[in-house]
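Let's take a walk through this structure together. Have a look at the sequence and the 3D view before reading on.

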Amino acid sequence: MTEEIIGAIAAAEEEAAAVKNKAVEEAADRAAQAEVRAAEILRSSEEVCRAYRETQMKAAAANAEKAYRSALSEQGAAAREYADRLSEKADRFVGIIVGRIVRGGR
C-alpha cells in the first residue's frame with residue numbers, strides 16, 4: 001500500500017510538472033502574441049494619427065486661406081471707400097484749379 005501511495009504521489013507530481021510546463025508554454029505564447037498585437041496597434045495608431053494630422057493641417061490651411069481672403073476683401077472695400085472720399089474732395093479742388101487756369105484768375 002505504501003508503494004501505491006508513493007506511486008500516486010509520483011504520478012501526481014509528474015502530472016503537476018506537466019501542467020506547469022504547459023502553463024509556462026501557453027504564457028510564453030500569449031506574451032508573444034500580445035507583443036505582436038501591441039506592435040500592430042502601435043503601427044495602426046501611428047497611421048491614424050498621421051492621417052488625422054494631415055487632415056487637420058489641410059483644414060487649418062483652408063481656414064487660414066478663407067480668413068485671409070475675407071480680410072483682404074474687407075480691407076479692399078475699406079480702401080475703396082477711403083479712396084472714393086478722397087477723390088470726391090479732390091474733384092472739388094481740381095475743378096477750382098482748372099477753373100483758375102482756364103479763366104486766368106486766382
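What follows covers the helix, the salt bridges and the surface patches.

First, some ground rules: this is a predicted model, where local features need pLDDT of at least 70, side-chain atom pairs count only at pLDDT 80 or more, and totals for chains, interfaces and linings use all residues. Residues are numbered from 1 along each chain as its sequence is written, and side-chain values use heavy atoms, with hydrogens and water left out.

**The helix**

Start with helix α1, which runs over residues 2-103 and has 102 residues. Helices here are DSSP runs of H or I with at least four residues, numbered from the N terminus. From its first C-alpha to its last, α1 reaches 146 Å, close to the 152 Å expected at 1.5 Å a residue; that expected span is 1.5 Å times one less than the number of residues. After α1 comes G104, with a positive phi near 80 degrees.

**The salt bridges**

Side chains of opposite charge can pair when their charged atoms come close. A search of the whole structure turns up two salt bridges (a side-chain nitrogen of Lys or Arg within 4 Å of a carboxyl oxygen of Asp or Glu). Here they are:

| Pair | N to O distance |
|---|---|
| R37 and E40 | 3.5 Å |
| E65 and R69 | 2.8 Å |

R37 and E40 sit three residues apart in helix α1, so about one helical turn separates them. E65 and R69 also lie in α1, four residues apart, which is about one turn of the helix.

E40 is partly exposed at 36%, and E65 is partly exposed at 37%. On this scale, buried means under 20% relative accessible area, exposed means over 50%, and partly exposed is in between (1.4 Å probe, protein chains only).

**The surface patches**

Patches are built from residues with over 30% relative accessible area and no salt bridge, joining like charges within 9 Å and nonpolar side chains (Val, Leu, Ile, Met, Phe, Trp, Tyr) within 5 Å. Which residues form the negative surface patch? They are E81, D84, E88 and D91, with Asp and Glu counted as negative. D84 is part of helix α1 and is partly exposed at 47% relative accessibility.

There's a nonpolar surface patch too, of about 680 Å², made by F93, V94, I96, I97, V98, I101 and V102. V94 belongs to helix α1 and is partly exposed, with a relative accessible area of 46%.

Methods. Helices (H or I, at least four residues) and strands (E, at least two) are DSSP runs, numbered from the N terminus. Accessible areas come from the Shrake-Rupley method with a 1.4 Å probe; for residues, only the protein chains shown count as cover. The place of a charge is taken as NZ of Lys, CZ of Arg, CG of Asp or CD of Glu.
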